[in-house]
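Here is a short tour for you to follow with the sequence and the coordinates open side by side. Please have a viewer at hand.

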Amino acid sequence: MHVVGYGAAIVLSIAGVVMLTLQMGKLEAAATEGQDELAGMERQAEAIVLPTDEERARWSTDQNLMASMLLADAEIPALLQDVTRLATLNQLGRFELATEEFVIADGAELSPDQALMQSVGILRHITVTVGFSADYRNVAEFVRDVGNLPRLVEFVSVQLTRQPSTISVTMSFRVYQSETAA
Amino acid sequence: MANRVLGIEFSPESIKLVEVGYGRRLKVYNFAIIDNRAIDPGRRLDQLNHTLQVRGFEAKEAVVASNGVQVEHRLLTLPPLSGRELRFVMQREAKKSAPAGVTETFSDFEILRAKEELGIKKRQILLVTAATNIVTEAQEFFGGSNLKLQKVTTVGEALLNLVKHIGYWKNDVVKTIVHFGVGSVHVLFIQEGAMLLCRDIPISFKDVEPEQQFDRLMTEIKRSTLYFRQNFPQGQIDEMLFSGESDMIGSMVSKVKSELGIETNVLRFDDNLDPSAFKGEWEEFRFHIPSLAPAFGVAWRASTDEGLNLIPGKAGTKEGPPAYKKLVKIAAMLAMGILLLFGIRYVTGSRQLTAQQLDIDASIVALEPVLSEGAAGDADRSLAGTRASFMGRMASEVDWQETLRSLSLIVPDTAVFETIQIVSGDTNALVVTGYLRGAQGQTNADFSRFFDDLRSLEHFTSVELSKPLNVTYEDVQAPEDADSTFNPVIASRVTFEVRCLLKSKL
């Protein structure tokens with residue numbers, strides 16, 4: 001009976017030693033993992049370059065500038081009026097104009113351009129397509145004037161086709177809009 | 001429950017039983033005293049079984065102190081011997097110490113203690129030799145019961161074991177135990193757990209007057225004391241303790257004290273008993289405790305293997321546990337020691353690791369705001385960069401007027417531009433499609449010059465043919481009004497598409 005008890009004590013002791021060793025190994029592994037994590041965080045912290053006040057001021061200015069250049073829904077008629085005025089100013093013939101609105105839908109698959117647009121907080125734009133006839137000089141000046149409008153204007157395409165005695169132009173450009181719908 | 005055992009003082013006339021459990025204090029569960037003198041011998045076993053059942057005894061193992069006078073106790077002092085030698089010596093000594101008139105005996109011995117005499121290590125061994133009928137009688141009787149008989153020993157040995165457990169010894173002090181058993185009185189001289197002398201005195205209560213019995217017993221006690229002093233002149237009897245069941249005990253306590261000058265008392269061990277599990281009235285039981293002394297003594301052992309056993313073949317080992325048991329014990333202790341060390345290491349290690357983990361956690365918590373601030377700064381910087389990149393795409397830097405004017409300056413007379421397409425995207429480009437028409441050979445030279453001039457314009461980073469040149473030929477028919485001097489030639493048409501990458505943004 002005593003031998004059985006002693007045998008049981010041996011077995012239990014060995015089991016206890018194994019269990020304690022395994023448990024200790026787990027604790028040590030956890031401690032090592034924690035140390036590694038801390039070391040990694042310390043390296044990250046050392047590598048941090050916090051933005052300077054000048055940078056923050058510049059970013060704020062840029063943001064405000066961009067916000068001021070975004071087109072509100074209520075300003076669309078004025079924009080079209082401006083484009084028409086520039087067409088008249090540059091003596092464009094047979095001037096035609098069409099607009100199309102684009103909105104980034106939730107969950108929609110985005111092109112790289114659209115992803116960039118979304119990353120800066122812009123979800124909408126209108127695409128203005130104009131067609132007209134003019135000579136090279138007027139075409140050039142019209143393109144330049146449209147680009148100088150106080151809006152976020154991005155040219156998509158310009159196509160000049162030679163016609164007898166003049167040039168037929170089809171041009172489209174995007175004007176980015178502020179987020180709030182009218 | 002498992003370690004309950006029945007301690008029995010057995011004689012044909014009386015059976016005294018205690019049901020006990022081993023512990024620092026002997027746990028008493030139950031007891032019974034069966035007086036068989038008025039019961040027919042053939043029905044005594046039924047009486048025992050009936051008592052066991054009615055009184056609710058649960059123990060199945062029984063150890064018996066047999067009450068008989070054909071017993072010889074001898075204390076031997078021997079140098080250390082091997083197990084084989086010891087058994088041989090004991091067999092020889094048992095033959096020599098057989099009780100008078102007894103030819104067939106059972107014997108067993110117990111190593112009581114080690115001592116040193118004149119610098120020589122010796123062991124005191126108690127050898128008990130008993131007539132076989134004492135053992136067989138018990139075996140036969142209990143063989144018919146529901147009990148499992150594990151041991152048969154003597155009342156003297158049982159009393160010695162009892163006194164060892166009570167244990168209030170001073171060095172070299174001798175105590176005398178006088179126990180009144182059934183039909184005999186046992187006189188023991190005990191020194192520090194060793195039985196120096198034991199006399200089993202038969203007495204008959206039937207044919208002798210009580211006064212005569214008393215005188216006879218006094219004489220026997222005096223003879224025993226004298227015999228002891230003759231054989232152990234160094235032994236000083238400190239106290240004489242009386243136990244058992246007899247009306248004479250009270251008178252004898254005072255008589256012995258006055259006549260022998262020895263301190264006398266009653267053997268008491270109530271305080272060594274644990275009454276917590278006792279069934280019945282403890283105060284009533286206390287009255288019987290002195291008479292149950294041998295029953296307690298025979299049962300007060302950690303296991304029934306301990307101590308003397310006169311049953312042939314059931315004698316326990318005398319040389320301690322075998323080597324493998326010792327090895328197992330040592331291994332168990334070693335394993336537990338290692339476990340203890342690992343436990344200590346684990347406790348201290350886990351404390352250190354926990355403290356370390358707490359430090360790490362605190363550091364991580366302290367770093368998190370810094371990292372969050374850094375991440376927010378990086379995100380702001382990234383957003384600002386993206387915004388700048390986006391804004392940069394907006395303003396057109398192309399001087400269209402100059403670009404188109406430059407183109408007009410290098411166009412050969414034979415060339416016609418059909419379309420000029422401005423393509424925006426990752427690379428902004430001007431795609432010009434058209435053709436040159438003229439005399440064979442002339443158009444190729446014109447296009448080559450035009451292409452070279454185009455490449456030399458500063459507005460473009462590169463100029464390439466986006467489609468292969470297509471050269472066709474056609475005959476020029478003479479007009480109807482052509483005169484004779486008209487010289488018809490073969491006209492050539494070179495169709496081209498060139499792609500000019502713009503230096504500036506759209």
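Two strands pair if DSSP finds at least two bridges between them. Helices (H or I, at least four residues) and strands (E, at least two) are DSSP runs, numbered from the N terminus. This is a predicted model, in which local features need pLDDT of at least 70, side-chain atom pairs count only at pLDDT 80 or more, and totals for chains, interfaces and linings use all residues. Residues are numbered from 1 along each chain as its sequence is written, while chains are lettered from A and ligands numbered from 1 in the order in which they are written.

**Chain B overall**

- Chain B has eleven helices and 19 strands.
- Of its 506 residues, 31% count as buried; a residue is buried if 20 or more other C-beta atoms lie within 10 Å of its own, exposed if 12 or fewer, and partly exposed in between, with C-beta atoms placed from the backbone.
- Two residues are in contact if their C-beta atoms, placed from the backbone, lie within 7 Å. Among contacts in chain B between residues at least 6 apart in sequence, 70% join residues at least 24 apart.

**The six-stranded sheet of chain B**

- An open sheet of six strands runs in the order β8-β4-β1-β2-β3-β14 (chain B), with mixed pairing. The edges are taken by β8 (148-154) and β14 (273-274) of chain B, each with a single partner strand, so one side of each is left without a neighbour in the sheet.
- Strand β2 (residues 14-21) and strand β3 (residues 26-35) of chain B run antiparallel and are joined by eight bridges. Glu19(B) has Asn30(B) in β3(B) as its bridge partner.
- β1(B) and β2(B) also pair in the antiparallel sense, over eight bridges, and a hairpin joins them through two residues. Here the bridge partner of Gly7(B) is Val18(B) in β2(B).
- β1(B) and β4(B) run parallel, joined by five bridges; Glu9(B) is partnered by Ala65(B) in β4(B).
- Seven of the eight residues of β1(B) are buried, so this strand is largely enclosed by the rest of the structure.
- Helix α4 (residues 155-166) of chain B lies across β1 (4-11), β4 (61-66) and β8 of chain B, and runs at about 90 degrees to β8(B). For this angle, axes are lines fitted to C-alpha atoms, for helices over the stretch in contact, and angles run from 0 to 180 degrees between N-to-C directions.

**Helix α11 of chain B**

- Helix α11 (residues 442-456) of chain B has 15 residues and reaches 21 Å from its first C-alpha to its last, close to the 21 Å expected at 1.5 Å a residue. The expected span is 1.5 Å times one less than the number of residues.
- Its buried residues are Thr443(B), Asp446(B), Phe447(B) and Phe450(B). They cover an arc of only 95 degrees around the axis, which puts them on the same side of α11(B); the arc is that of the directions from the helix axis to the C-beta atoms.
- The buried residues of α11(B) pack against α10 (400-410), β15 (415-423), β16 (429-439) and β19 (490-502) of chain B.
- Turned away from that buried side, the other face of α11(B) carries the exposed residues Ser448(B), Arg449(B), Asp452(B) and Ser456(B).

**Where chains A and B meet**

- The contact takes 53 residues from chain A and 52 residues from chain B. On the chain A side, α1(A) gives the largest share, 24 residues.
- By class, the side of chain A that touches chain B has 30 nonpolar, 14 polar and nine charged residues. Ala, Val, Leu, Ile, Met, Phe, Trp, Tyr, Cys and Pro count as nonpolar, Asp, Glu, Lys and Arg as charged, and the others, Gly among them, as polar.
- Strand pairing also crosses between the chains: β3(A) and β15(B) pair in the antiparallel sense over five bridges, with Val158(A) opposite Ile422(B) in β15(B).

**A hairpin and positive phi values in chain A**

- Strands β3 (residues 153-163) and β4 (residues 166-177) of chain A pair in the antiparallel sense over ten bridges. They form a hairpin with two residues between them, and Ser165(A) in the turn has a positive phi of about 70 degrees.
- Gln91(A), which is not a glycine, has a positive phi of about 55 degrees. Gln91(A) sits in the loop between α3 (76-89) and β1 (93-103) of chain A and counts as partly exposed, with 14 C-beta neighbours inside 10 Å.
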